[in-house]
Amino acid sequence: VPATSPESDAFSKDLQRRGFKFVGSTIMYAHMQATGMVNDHVVTCFRHAEGRKDRKDRKDRKDRKVRK
């Protein structure tokens, strides 16, 4: 399981450029995990499917709001 990603690297660099401190790539990756921005569960883990389902449910709800 990775500790960083290209997205967390970019996220971290952007925040550092804006003056934030203590926002390394690993910390940003942990933030992304905690907020559901990434699902890095192994495919055989039961949580992997739950994460995909949650993301699909949120997208479906968002699509329904746009259609109304």
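Ser8 has a relative accessibility of 0% and therefore counts as buried, a term that means under 20% relative accessible area, whereas exposed means over 50% and partly exposed lies in between (1.4 Å probe, protein chains only). This is a predicted model, in which local features need pLDDT of at least 70 and side-chain atom pairs count only at pLDDT 80 or more, while totals for chains, interfaces and linings use all residues. Residues are numbered from 1 along each chain as its sequence is written, and side-chain values use heavy atoms, with hydrogens and water left out.

Ser8 is found in helix 1, which covers residues 6-17; helices here are DSSP runs of H or I with at least four residues, numbered from the N terminus. Not counting residues up to four places away in sequence, Ser8 touches Ser25, Met28, Tyr29 and Met32, where contact means heavy atoms within 4.5 Å.

Which residues of helix 1 are buried? They are Ser8, Ser12 and Leu15. Seen down the axis of helix 1, the buried residues fall within an arc of 70 degrees, so they line one face of the helix; the arc is that of the directions from the helix axis to the C-beta atoms. An α-helix has 3.6 residues a turn, so residues three or four places apart point the same way. Helix 2 (25-34) is included in what covers the buried residues of helix 1, while the face turned away from the buried side carries the exposed residues Pro6, Glu7, Lys13 and Arg17.

Just after helix 1, Gly19 takes a positive phi of about 100 degrees.

Terms used. Helix = DSSP H or I, 4+ residues; strand = E, 2+ residues; numbered from the N terminus.
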